[in-house]
Amino acid sequence: MTAPRLVPLTAAHWPAVQRIYAEGIAGGHATFETEPPSWEAFDASRLADHRFVALLGDTVVGWVACSPTSARAVYRGVVEHSVYVVGPASGQGVGRRLLDRLVASTEAAGTWTIQSGIFPENAASLALHHACGFRDIGVRSRVGLMRSGPCAGRWRDVVLVERRSEVAGVQPVGGS
């Protein structure tokens with residue numbers, strides 16, 4: 001597969017992004033969500049400077065986006081992200097390129113931690129994150145109940161992963 005072109009995710013990409021999101025939801029191992037949000041909800045909750053799509057030609061084959069974890073100033077450098085790749089493009093390096101782009105954009109903005117929660121059954125996502133420098137920091141056992149899809153009615157664990165920047169937000173001990 002040719003390397004995808006990465007561009008900022010805009011409203012024009014939303015129909016394809018929404019379809020990829022829905023595909024992930026239907027698979028049962030990507031999210032607790034039961035349906036993709038509206039563009040307005042997605043746009044309002046994701047940081048505009050840190051959301052990208054992967055394009056093969058004019059076709060969206062993946063996306064990445066992040067949200068602040070908290071409005072508190074102490075967490076200004078911590079974001080939570082999602083990355084999705086359409087089925088046929090999985091395992092082709094699309095997710096890696098998207099995560100690498102997210103890391104670069106967030107580090108340039110001073111973000112020091114990118115985190116996410118991943119179902120343990122999603123081995124491909126865990127492997128991708130580990131390859132991109134994320135580490136497991138724990139497991140939240142039975143943290144949520146699936147409401148729809150193939151895992152409906154099942155309590156799910158979530159592996160918490162994070163990537164700490166080696167450049168952004170680094171302060172000497174005792175620094176402010």
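**Exercise 1.** Which residues in α3 meet which residues in α4?

*Solution.* The model is predicted, with local features needing pLDDT of at least 70, side-chain atom pairs counting only at pLDDT 80 or more, and totals for chains, interfaces and linings using all residues. Residues are numbered from 1 along each chain as its sequence is written, and side-chain values use heavy atoms, without hydrogens and water.

Helices here are DSSP runs (H or I, at least four residues), as are strands (E, at least two), numbered from the N terminus. From α3, Gly95, Arg96 and Leu99 are in contact (heavy atoms within 4.5 Å) with Leu128, His129 and Ala131 of α4. These contact residues comprise three nonpolar, two polar and one charged; Ala, Val, Leu, Ile, Met, Phe, Trp, Tyr, Cys and Pro count as nonpolar, Asp, Glu, Lys and Arg as charged, and the others, Gly among them, as polar.

**Exercise 2.** Describe how α3 packs against α4.

*Solution.* Helix α3 (residues 94-108) and helix α4 (residues 123-131) have axes (lines fitted to C-alpha atoms, over the stretch in contact) 10 Å apart, at an angle of about 45 degrees on a scale from 0 to 180 degrees between N-to-C directions. Therefore α3 is oblique to α4, as angles under 35 degrees count as roughly parallel, over 145 as roughly antiparallel, 65 to 115 as roughly perpendicular and the rest as oblique. Their crossing is right-handed, meaning that the near helix is turned clockwise from the far one by less than a right angle.
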